[in-house]
Amino acid sequence: MPAIFVNYRTGDQEAVAALLDHGLSYRFGSDRVFRASKSIAPGSRYPQELIAAVRSCAVLLAVVGPRWFDVQGRDGRPAVEDPGDWPRREIAEAFAVGALVIPVLVGDTPRLRPERLPEPLAALADCQHRRLDLRTSHADLTRLADELAALVPELAESDTAVRSR
């Protein structure tokens, strides 16, 4: 099962989620990084696959860009307010199982504030974030991968950066 779960909201920074997936997969192996559109096989029942992957991950990277609060659900309200919203459910599940949750703020996205988050996600504002800017993406991704390798022993064991030194 994956050690890293890449959580993102459709309509807000899917490309950054893919960048994280590609960079971290290169460094730790594709099987160590879960991103729904890559990791769930055609015909699989995605709700069960998502929940199983979150429950087994060591760390969830919550990609938060400038539109994260603005993306609307089917009812026209902000998607993050919907208890059935998948990114919200994934983050809440990660907190419930004790996974390390790291907000990855894209570009100049402001820090999260607890009053903007629904109660099940309020703790996300207290989690130390990392920033990923496309202008400095290589350095930002290298720093994040180095930190993940230091925090998660199973990632350190599969780290290609260590083996190539």
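**Reading the model**

Tutor: P153 has its place in helix 6 (residues 153-157). Helices are DSSP runs of H or I with at least four residues, strands are E runs of at least two, and both are numbered from the N terminus. This is a predicted model: local features need pLDDT of at least 70, side-chain atom pairs count only at pLDDT 80 or more, and totals for chains, interfaces and linings use all residues. Residues are numbered from 1 along each chain as its sequence is written, and side-chain values use heavy atoms, with hydrogens and water left out.

Student: Is P153 buried or exposed?

Tutor: Buried means under 20% relative accessible area, exposed means over 50%, and partly exposed lies in between (1.4 Å probe, protein chains only). P153 has 57% relative accessibility, so P153 counts as exposed. P153 and A58 are 95 residues apart in sequence, but 9.9 Å apart in space, C-alpha to C-alpha.

Student: How do I check the span of helix 1?

Tutor: The expected span is 1.5 Å times one less than the number of residues. Helix 1 (residues 14-28) has 15 residues and should span 21 Å. Its end C-alpha atoms are 21 Å apart, which agrees. Among its buried residues are V16, L20, L24 and F28. Just after helix 1, G29 takes a positive phi of about 105 degrees.

Student: Which residue other than glycine has a positive phi?

Tutor: Most residues other than glycine have a negative phi. Q13 has a positive one, near 65 degrees. Q13 is in the loop between strand 1 (4-7) and helix 1. Its relative accessible area is 23%, so Q13 is partly exposed.

Student: How many aromatic pairs are there?

Tutor: Rings of Phe, Tyr and Trp (its six-membered ring) pair if their centres lie within 6.5 Å; planes under 30 degrees apart count as stacked, over 60 as edge-to-face, and the rest as tilted. By this rule there are 3 aromatic pairs. One of them joins Y46 and W86: the ring centres are 5.8 Å apart and the planes are at 65 degrees, so the pair is edge-to-face. Y46 lies in helix 3 (residues 46-56) and W86 in helix 4, so the pair ties together parts 40 residues apart in sequence. Y46 is partly exposed at 44%, whereas W86 is buried at 17%. W68 and F69 also pair edge-to-face, with centres 5.1 Å apart and planes at 85 degrees. W68 is buried at 0%, and F69 is buried at 14%.

Student: Which charged residues lie over the rings of W86 and F69?

Tutor: A charge sits over a ring if NZ of Lys or CZ of Arg is within 6 Å of the ring centre and within 35 degrees of the ring normal. R89 lies over the face of W86, 3.9 Å from the ring centre. The charged end of R116 sits over the ring of F69, 4.0 Å from its centre.

Student: Where is E90, and what does E90 touch?

Tutor: E90 is in helix 4 (residues 86-97). Contact means heavy atoms within 4.5 Å. Not counting residues up to four places away in sequence, E90 touches F5, N7, L50, V54 and L60.

Student: Where does H129 lie?

Tutor: H129 is in the loop between strand 4 (100-106) and strand 5 (130-132). H129 is buried, at 13% relative accessibility. Leaving aside neighbours within four places in sequence, H129 is in contact with P103, L105 and R111.
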